[in-house]
Amino acid sequence: MKVVGLLSGGKDSCYNLLHCAQNGHQLVALASLRPAPGKEELDSYMYQTVGQDAIEYVARALGLPLIRQVIMGSALNQGSEYGHRQQTSQRLDGDETEDLYDLLLAVKTRFPDVEGVSVGAILSNYQRVRVEHVCRRLGLTSFAYLWQRDQGELLSEMINAGLDAVLIKVAGIGLATKHLGQSLATLQPTLVHLNTLYGSHVCGEGGEYETLTLDTTLFKSRISLTETEVVVHSDNDFATVAYLRIKNAELQSKEGVTDTKVAVPPLLDDLAAEILETCSSVQPGLETPAPQATKGHRLQSVASRKIGRWIGVSVAQSTALHETSSNEYSLEDEIRSCFELVREQLAKHGLELHHISHINLFISSMDLFASVNAVYTTMFGTSPPTRACVAVDLPSPIRVRMDCIAFVENEPNERQALHVQSVSYWAPANIGPYSQAISVGNQVFVSGQIGLIPSTMQLPHPQSAALESALALQHVDRIVAAIKMNPGGGWPGIPQCAIIWLASTGILPVAKAAWSTYAKAHQWDIPVIYVTCKAIPKGGLIEVQLMMHTGRSETRDDDDQDDLVLPISKKGRVSGVLLSSGAHLPAAERASEQSAEFDWQIVTTGANSVGLITFSTAALLNSRDWTWPPELATLVSNRVSVRLFHRGTNADAASRVMSLLEKIAQELPDVSPVTQVPIRNLATSELDDWEVALLIFAHNTKEEA
């Protein structure tokens, strides 16, 4: 891909160029924003403006054309999000981010075949979010290979790769004017020491210092500073703020061919490597044949239910398909109809689409994925909901079915999103219009993660269930760690439930081994369900979806960071299925007593609960007089969202469970249907062939007080 490099002249922007080249991209131009004439430095939230006197030398050293424009705006929008959630793109005139849009538009005009942008962001969500917003509007891909890297490791890699950069600004504790002009290699011990003493950022991500790159292996010439001047902004006992004015410099020729290869981080961290090693020796399981067309399907209607500030919308699927020929009703019409149904249900509660936190999207074939996404992406703007998308055996002629969870926000900052669209080594950029994670109402939703290699956005080749499992779980780990760093983060995080989607039952033993290793490392004991579906995006073998709670109390005082809640986990197994009278099953049925059972587990954290209930075939055949444990009755009464997974050939069994739920909840005024999900196999750690499973997200308003 042809790439333009956003150039500040500092170490990060120049080192990311090396990684772009390493990953096969062609650098064709550079772009930079500068202060207006007569201004040496701006107090910009977005751009490094110190050292602009030397930026032309950096471009000449790289041998690439440089497009420069003046920063006209200021930081009007200083929030964690840029733009609006209900609109895909909108210009905010007067904001300095729009200067970047104008700059890259000028690049696209001059170099129309440019498709990517090199960005040196390491830790700054503020910068990354705005660059990605601009790139999205211009149809460009952001490449941020330094994103979320360990700063100590990264600094060592830069130095070892021959990157020569000097400090041209200091503004952090322990740094003084004497450090200006010194190289990173010389100052590395000092920077590491300051990190140990004060927690300073080794790579200057807290604004402790800025750099100017004099040489890298990509440079065709080396920059020599021949005349500089120290300018002191402020000098105090805490931290001196000063910068180096570049008055003159020259380019020095370099002899020979230099190796432009740089070190890249390992694909797997220690835990993921352990998962891979464990799974590599696991033998695959037996394949389950594809089911026949779903039988006994009961047509459901969209409905919604509000508990506290949570709203669940169930069974959003087009009813027009049953009234018109599918040949006359396009897929685009169908997906728009689904969203219109969701919009109508949310409007009943005074909400709009942008209030949605999470969406489960079920499609009849993965061949529809791109077309569905094309319409889906028009429904959301900045920081869209999290999403899990799989193909399942929907009853014909239905091609799209969805459900969602929304939240009533009292303040805009109640909802935090992690929406990373840049390609990096960290975790996959989103392959659809969704956020990797959303934190709202103390609930954390993590989008379904597949085993992509982040830097290439491709699945491993040849395909490996073990490697894809290790990667998917590593992605979940890194996403959770990253959203904890968002504003309002710092919470401990309490897992509630995991859904592990599988492309075939043969992968089940590998997936179980992977999760067992992962859960043991984290000391987790939560409901986990392995669901075999028709297909996973991009032909993946496994997709991991996670629900968490922040661990904070719903009544927490904003100033009380230690007001935390502890999870309460309850589980049970009903064997032999007792009759309500207390008698055992009739003798004729006693032979199947051991398999006539259902399992359940509920994790309650604060006011939110997630429960998983699994039913065997024999249990469903003898469901007429179940004694329902009181914990499950409470869970159903407080339900916000219910998904009912059933084997595609046995919708009759699903109907039995539906009837049971309706019986339990018959006193409630707003009994909403559940969203049925026809799948090919259901498994837990205890059993590999459950017939039906219920996954319930519930909220207890009594716990809010």
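Relative accessible area was used to class residues as buried (under 20%), exposed (over 50%) or partly exposed (in between), with a 1.4 Å probe and protein chains only. The structure is a predicted model, in which local features need pLDDT of at least 70 and side-chain atom pairs count only at pLDDT 80 or more, while totals for chains, interfaces and linings use all residues. Residues are numbered from 1 along each chain as its sequence is written, and side-chain values use heavy atoms, with hydrogens and water left out.

Salt bridges were defined by a side-chain nitrogen of Lys or Arg within 4 Å of a carboxyl oxygen of Asp or Glu. The whole structure contains 24 of them. One of these joins Asp102 to Arg91, with 3.0 Å between the closest N and O atoms. This pair links distant parts of the chain, 11 residues apart: Asp102 belongs to helix H3 (residues 96-110), and Arg91 to the loop between strand E3 (66-70) and H3. Helices (H or I, at least four residues) and strands (E, at least two) are DSSP runs, numbered from the N terminus. Asp102 has a relative accessibility of 27% and is therefore partly exposed; Arg91, at 37%, is also partly exposed.

Arg222 is in strand E8 (residues 221-234) and Asp164 in strand E6 (residues 164-170), so the bridge ties together parts 58 residues apart in sequence. Arg222 is partly exposed at 28%, whereas Asp164 is buried at 19%.

In a further pair, Glu414 and Arg309 approach to 3.1 Å between the closest N and O atoms of their salt bridge. The two residues are 105 residues apart, with Glu414 in the loop between strands E14 (400-407) and E15 (416-418), and Arg309 in the loop between strands E10 (303-307) and E11 (310-316). Glu414 is partly exposed at 23% relative accessibility, as is Arg309 at 28%.

Nonpolar cores were taken as sets of buried Ala, Val, Leu, Ile, Met, Phe, Trp, Tyr and Cys residues joined through side-chain atoms within 4.5 Å. The largest core has 94 residues, and those with the most contacts inside it are Tyr15, Leu184, Trp501 and Phe645. Helix H2 (residues 55-62) supplies the largest share of this core, six residues. Beyond four places in sequence, the contacts (heavy atoms within 4.5 Å) of Trp501 include Phe362, Val390, Phe645 and Ile679. A second, separate core has 78 residues, among them Ala465, Leu502, Leu508 and Trp515.
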